[in-house]
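Work through the exercises below with the sequence and the model at hand. Each task is followed by a solution in steps.

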Amino acid sequence: MAAAIKAINAKIRANPVSDYLCSTHFWGPASNFGIPLAAVMDTQKDPEIISGKMTLALAGYSGVFMRYAFAVTPRNYLLFGCHVVNFGAQVTQGYRYLNYWNFGGREKALSARAQDGLAKAEGSMDSAASQVEGAVKDAASKVESSAKDLAGQAKAQMDKVTR
């Protein structure tokens with residue numbers, strides 16, 4: 001059994017592509033790519049949920065491991081690429097964090113939300129006012145027609161009494 005495993009291992013290691021695909025130089029960065037993918041996806045979310053401390057920690061982590069990717073022998077370009085993407089995404093998140101919390105982005109966002117709410121409230125008030133106006137016009141026409149009917153009945157009674 002051991003001889004069979006050694007033979008399979010030798011066959012894998014003889015081919016440079018399969019040797020690379022079965023090494024930690026491939027699987028380490030491949031499994032690590034979840035971090036930059038999540039960071040890139042988070043750039044589309046609300047900046048209020050960004051953690052400044054975690055963003056700084058991940059940017060530092062990526063900076064260190066970019067250096068490590070070139071320090072090992074042979075150089076691990078896949079690991080380097082993974083951490084370049086992560087570093088870029090973390091710097092973007094850091095900019096969004098600072099813009100939102102320190103440079104007035106939060107106030108602009110809150111102001112925009114308030115303006116949207118005000119516009120919706122004005123729209124619903126206009127709609128309610130037009131509904132009330134329509135109801136008042138309907139009621140006025142009903143009262144007018146009832147008054148005309150009563151006036152006609154009163155005139156008929158007066159004519160009856162005066163004859």
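Lys-45 has a relative accessibility of 44%, so it counts as partly exposed (buried is under 20% relative accessible area, exposed over 50%, partly exposed in between, with a 1.4 Å probe and protein chains only). The model is predicted: local features need pLDDT of at least 70, side-chain atom pairs count only at pLDDT 80 or more, and totals for chains, interfaces and linings use all residues. Residues are numbered from 1 along each chain as its sequence is written, and side-chain values use heavy atoms, with hydrogens and water left out.

**Exercise 1. Two loop residues**

Task: place Lys-45 in the chain and state its C-alpha separation from Lys-155.

Solution. Step 1: Lys-45 sits in the loop between helix 4 (34-42) and helix 5 (52-71); helices (H or I, at least four residues) are DSSP runs, numbered from the N terminus. Step 2: Lys-45 and Lys-155 are 110 residues apart along the chain, and their C-alpha atoms are separated by 75 Å.

Task: find out whether Ile-50 is buried or exposed, and which residues it is in contact with.

Solution. Step 1: Ile-50 also belongs to the loop between helix 4 and helix 5. Step 2: its relative accessible area is 10%, so Ile-50 is buried. Step 3: leaving aside neighbours within four places in sequence, Ile-50 is in contact with Thr-55, Gln-93, Arg-96 and Tyr-97, where contact means heavy atoms within 4.5 Å. Step 4: Ala-147 lies 97 residues from Ile-50 in sequence, and 68 Å from it in space, C-alpha to C-alpha.

**Exercise 2. A residue of helix 6**

Task: describe the surroundings of Gln-93.

Solution. Step 1: Gln-93 is in helix 6. Step 2: with 6% relative accessibility, Gln-93 counts as buried. Step 3: not counting residues up to four places away in sequence, Gln-93 touches Ala-39, Asp-42, Thr-43, Ile-50 and Thr-55.

**Exercise 3. Helix packing**

Two packed helices are described by the angle between their axes and the distance between the axes. Axes are lines fitted to C-alpha atoms, for helices over the stretch in contact, and angles run from 0 to 180 degrees between N-to-C directions.

Task: at what angle do helix 4 and helix 6 pack, and which residues make the contact?

Solution. Step 1: the angle is about 30°, and the axes of helix 4 and helix 6 are 9 Å apart. Step 2: helix 4 and helix 6 are therefore roughly parallel (angles under 35 degrees count as roughly parallel, over 145 as roughly antiparallel, 65 to 115 as roughly perpendicular and the rest as oblique). Step 3: the contact involves Ile-35, Pro-36, Ala-39, Val-40 and Asp-42 of helix 4, and Cys-82, Val-85, Asn-86, Ala-89, Gln-90, Gln-93 and Arg-96 of helix 6.

Task: describe the packing of helix 3 against helix 6.

Solution. Step 1: helix 3 (residues 24-32) packs against helix 6 (residues 77-101) at about 15°, with the axes 8 Å apart. Step 2: helix 3 is therefore roughly parallel to helix 6. Step 3: His-25, Phe-26, Pro-29 and Asn-32 of helix 3 meet Leu-78, Leu-79, Cys-82 and His-83 of helix 6.

Task: describe the packing of helix 6 and helix 7.

Solution. Step 1: helix 6 and helix 7 (residues 105-162) pack at about 70°, with their axes 4 Å apart. Step 2: helix 6 and helix 7 are therefore roughly perpendicular. Step 3: Asn-99, Tyr-100 and Trp-101 of helix 6 make the contact with Gly-105, Arg-106 and Ala-109 of helix 7.

**Exercise 4. Aromatic pairs**

Task: how many aromatic pairs does a search of the whole structure find?

Solution. Step 1: rings of Phe, Tyr and Trp (its six-membered ring) pair if their centres lie within 6.5 Å; planes under 30 degrees apart count as stacked, over 60 as edge-to-face and the rest as tilted. Step 2: the search finds five aromatic pairs. Step 3: one of them is the tilted pair of Tyr-61 and Phe-65, 5.1 Å centre to centre with 55° between the planes. Step 4: Tyr-61 and Phe-65 are four residues apart in helix 5, so about one helical turn separates them. Step 5: the rings of Tyr-100 and Trp-101 have centres 5.1 Å apart and planes at 85°, so this pair is edge-to-face. Step 6: Tyr-100 counts as buried at 5% relative accessibility, whereas Trp-101 is partly exposed at 36%.
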